[in-house]
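Work through the exercises below with the sequence and the structure at hand. Each task is followed by a stepwise solution.

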Amino acid sequence: MTDQVAAFKLALGNYPTGVTVVTTSHETKPIGLTVNSFASVSIDPLLILWSLDKNSQLHSYFTNASHFAVNILASDQEHLCTLFASKIHDRFAQAKWSTSSLGLPILHDTAAILQCKTFQQIDAGDHTIFIGHVQDITNGQKEPLLYHRRHIGQIPKSFYS
């Protein structure tokens with residue numbers, strides 16, 4: 001690892017982010033993985049983005065998908081973050097989920113779910129950036145799960161005092 005790569009990882013590892021699980025289907029089989037590279041892009045139209053390493057075993061499923069869902073994890077869903085970041089083959093067997101009216105696998109009891117139509121895919125170095133046009137929004141009214149310095153947890157109560 002070069003000094004520049006190490007500095008890059010240190011800088012971005014110190015940037016707290018929310019935690020999501022992005023899901024889609026392939027021939028009715030649910031596909032999903034943990035993603036923290038998630039951001040809003042536009043209000044008009046409603047667009048979001050996330051990115052995926054081209055070396056991911058799930059990359060081709062998402063590049064060929066017409067739709068995907070971004071499941072924003074709640075503060076009590078650390079187990080889902082770990083599960084969908086693992087190499088376990090059938091992750092959905094260990095999660096509570098259902099198929100949405102748009103035909104996407106969605107996780108239960110999340111902070112929010114954004115169901116999206118794939119709007120654009122952008123080649124970006126060793127990743128692909130996926131831009132989604134939000135088609136449906138579900139708000140669970142829960143606190144989000146956070147990722148910071150390789151730790152997962154909730155927003156400290158002292159943050160709001």
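**Exercise 1: the sheet**

An open sheet of 7 strands, paired antiparallel, has the order 3-2-6-9-10-5-4. The model is predicted.

Solution. Step 3: inside the order, strand 6 (residues 67-72) and strand 9 (residues 112-124) run antiparallel and are joined by 6 bridges. H67, for instance, has K117 in strand 9 as its bridge partner. Step 4: helix 3 (residues 78-85) lies across strand 2 (20-26) and strand 3, at about 110 degrees to strand 3.

**Exercise 2: the salt bridge**

Task: state which residue forms a salt bridge with K54, and where in the chain the two partners lie.

Solution. Step 1: the structure holds 1 salt bridge. Step 2: K54 pairs with D123, and their closest N and O atoms are 2.1 Å apart. Step 3: K54 sits in the loop between strand 5 (47-53) and helix 2 (59-63), while D123 belongs to strand 9, so the pair links distant parts of the chain, 69 residues apart. Step 4: K54 has 32% relative accessibility and counts as partly exposed; D123, at 61%, counts as exposed.

**Exercise 3: a surface patch**

Task: decide whether F8 counts as buried or exposed.

Solution. Step 1: F8 lies in helix 1 (residues 3-13). Step 2: exposed means over 50% relative accessible area. Step 3: F8 has 55% relative accessibility and therefore counts as exposed. Step 4: together with L12 and Y15, F8 forms a nonpolar surface patch of about 370 Å² accessible area.

Note on methods:
Residues numbered from 1 in each chain as written. Predicted model: local features only at pLDDT ≥ 70, side-chain atom pairs only at ≥ 80, totals over all residues. Heavy atoms only, no water. Patch = residues over 30% accessible without salt bridge, like charges linked within 9 Å, V, L, I, M, F, W, Y side chains within 5 Å. Areas by Shrake-Rupley, 256 points an atom, 1.4 Å probe, with all protein chains shown as cover. Salt bridge = Lys/Arg side-chain N within 4 Å of Asp/Glu carboxyl O. Helix = DSSP H or I, 4+ residues; strand = E, 2+ residues; numbered from the N terminus. Buried < 20%, exposed > 50% of the residue type's maximum accessible area, 1.4 Å probe, protein only. Pairing = 2+ DSSP bridges. Contact = heavy atoms within 4.5 Å. Axes fitted to C-alpha atoms, helices over the stretch in contact; angles between N-to-C directions.
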